[in-house]
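Hi everyone, thanks for making the time. I'd like to walk you through one model this morning, so please have a look at the screen.

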Amino acid sequence: MLDDLTTAASSPTVWPAAYPQGYAVVDVETTGLARDDRIISAAVYRLDARGEVEDHWYTVVNPERDPGPVWIHGLTSDVLEGAPLFQDIAAEFAARLEGRVLVAHNAVFDWQMIAREYARARSEAPVKQRLCTIALSKELKLPLPNHKLESLAAHFGVVQRRAHHALDDARVLAEAFRPSLRAAAAGGVRLPLHECLPLTEWTDRPRTGQQAGPGGYRPTSWRPSRKRPACPYPNPGRYEPGGRLKQGMRVAFSGDTSVERDLLEDRATEAGLHVAGSLSRLTSLLVTNDPDSGTSKVVKARQYGTPVVDEAAFGQLLGDVEAAPEG
């Protein structure tokens with residue numbers, strides 16, 4: 001199938017009408033991978049409907065904090081000291097994204113970092129959908145040894161010049177995305193598009209107790225385990241669609257949310273629900289804005305018949321949680 005797609009992709013005669021009219025291939029470099037980390041550089045390659053480059057843009061950004069793993073991205077405090085703040089480049093960045101599908105390698109990470117920066121700037125990025133090139137390579141069944149950008153680039157013969165430099169990574173991705181897009185068009189493949197939700201509420205949680213790495217940088221590459229108090233109520237079973245939540249119900253979350261995930265989980269805990277990090281047959285309810293995604297939680301929810309609601313519905317349900325029986 002791949003050979004047929006690759007051959008036909010050189011000049012697909014019929015372009016799918018449902019495909020987007022333009023793309024913004026994005027890469028951001030950051031101070032780390034956690035929720036309180038900041039963008040320190042950003043690049044955008046704008047592509048037309050068929051993946052041809054229209055223009056490109058790049059900027060460094062002052063993160064107003066330690067630049068993080070300099071040995072990876074090469075951007076020191078001295079380099080970033082005179083750089084613009086994110087709010088200073090937010091409008092131009094937005095102009096590059098507007099009306100286009102955001103394309104990135106591991107797109108949920110880039111989108112969440114961008115959405116959080118716009119939330120800090122009390123604004124929103126004009127992005128409605130994103131496309132992850134990892135997901136697209138899976139749809140195309142590309143024979144890649146792993147899901148690294150360098151492997152995707154090598155498959156299409158794209159030469160990387162400066163790995164972990166936002167402008168070069170965006171260029172590499174744009175050049176690899178073009179043949180991927182054409183292969184998808186030639187094969188009639190449905191693009192794995194996902195909704196982008198701006199953050200409406202967010203919080204930056206300081207990281208503590210981490211060991212310093214090279215240059216004194218304290219890595220924030222993981223979400224710290226948050227010791228929540230044990231739910232004092234027994235699990236009353238599954239949520240019944242149309243009914244009320246009951247204290248003790250096990251609730252799991254999956255995918256993007258417009259309210260910061262930590263805040264949603266805090267509200268659920270305060271309402272007497274059990275916040276579950278994984279999904280099992282005991283899970284009462286899954287909250288996701290993207291029920292068609294292939295995340296492990298969504299897949300398991302389908303297998304187990306676990307009820308699914310979106311974030312807005314969950315917010316309404318939280319306002320009327322049934323108390324657990326006394327005794």
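Let me start with a question: what is the strand order in the open sheet of four strands? The order is β8-β7-β9-β10, and the pairing is parallel. Two strands count as paired here if DSSP finds at least two bridges between them. Strands themselves are DSSP runs of E with at least two residues, helices are runs of H or I with at least four, and both are numbered from the N terminus.

Before going further, a word on ground rules. This is a predicted model, so local features need pLDDT of at least 70 and side-chain atom pairs count only at pLDDT 80 or more, while totals for chains, interfaces and linings use all residues. Residues are numbered from 1 along each chain as its sequence is written, and side-chain values use heavy atoms, with hydrogens and water left out.

How confident is the predictor? pLDDT is its confidence in each residue, from 0 to 100. The mean for the protein chain is 90, and 89% of its residues reach 70 or more. Over residues 1-9 the pLDDT is below 50, and that stretch has 14 contacts in the model beyond near neighbours in sequence. Residues 208-225 also have pLDDT below 50, with 33 such contacts. A contact, by the way, means heavy atoms within 4.5 Å. Where pLDDT is low, the predicted coordinates should not be read in detail.

Now the overall picture. The protein chain has 11 helices and 10 strands. Of its 327 residues, 50% are buried; buried means under 20% relative accessible area, exposed means over 50%, and partly exposed is in between, with a 1.4 Å probe and protein chains only. If we take contacts between residues at least 6 apart in sequence, 68% join residues at least 24 apart. The chain exposes about 16,100 Å², and carbon and sulfur atoms supply 49% of that. Those areas come from the Shrake-Rupley method with a 1.4 Å probe, and for residues only the protein chains shown count as cover.

Which residues cover the two faces of strand β9? Leu285 and Val287 are on one side, Leu286 and Thr288 on the other, and all are buried. In a regular strand the side chains alternate between the two faces of the sheet.

Next, helix α9, residues 261-270. Seven of its 10 residues are buried, so the rest of the structure largely encloses this helix. Just after α9, Gly272 takes a positive phi of about 95°.

Leaving aside neighbours within four places in sequence, Tyr233 is in contact with Gln247, Gly248, Gly272 and Ala324. Its C-alpha is 4.6 Å from that of Gly248, 15 residues apart along the chain. At 31% relative accessibility, Tyr233 counts as partly exposed.

On to aromatics. Rings of Phe, Tyr and Trp (its six-membered ring) pair if their centres lie within 6.5 Å; planes under 30 degrees apart count as stacked, over 60 as edge-to-face, and the rest as tilted. Seven such pairs turn up in the whole structure. Phe86 and Phe93 make an edge-to-face pair, 6.2 Å centre to centre with 70° between the planes. Both are buried. Phe93 also pairs with Tyr118, this time tilted, at 6.3 Å and 40°. That pair links helix α4 to helix α5, with the two residues 25 apart. Together, Trp57, Phe86, Phe93 and Tyr118 form one aromatic cluster.

Lastly, cysteines. Taking a disulfide as a pair of cysteine sulfur atoms within 2.5 Å, the count is zero. Cys132 is buried at 15% relative accessibility, and Cys196 is buried at 5%.

Definitions and conventions. pLDDT is the predictor's confidence in each residue, from 0 to 100.
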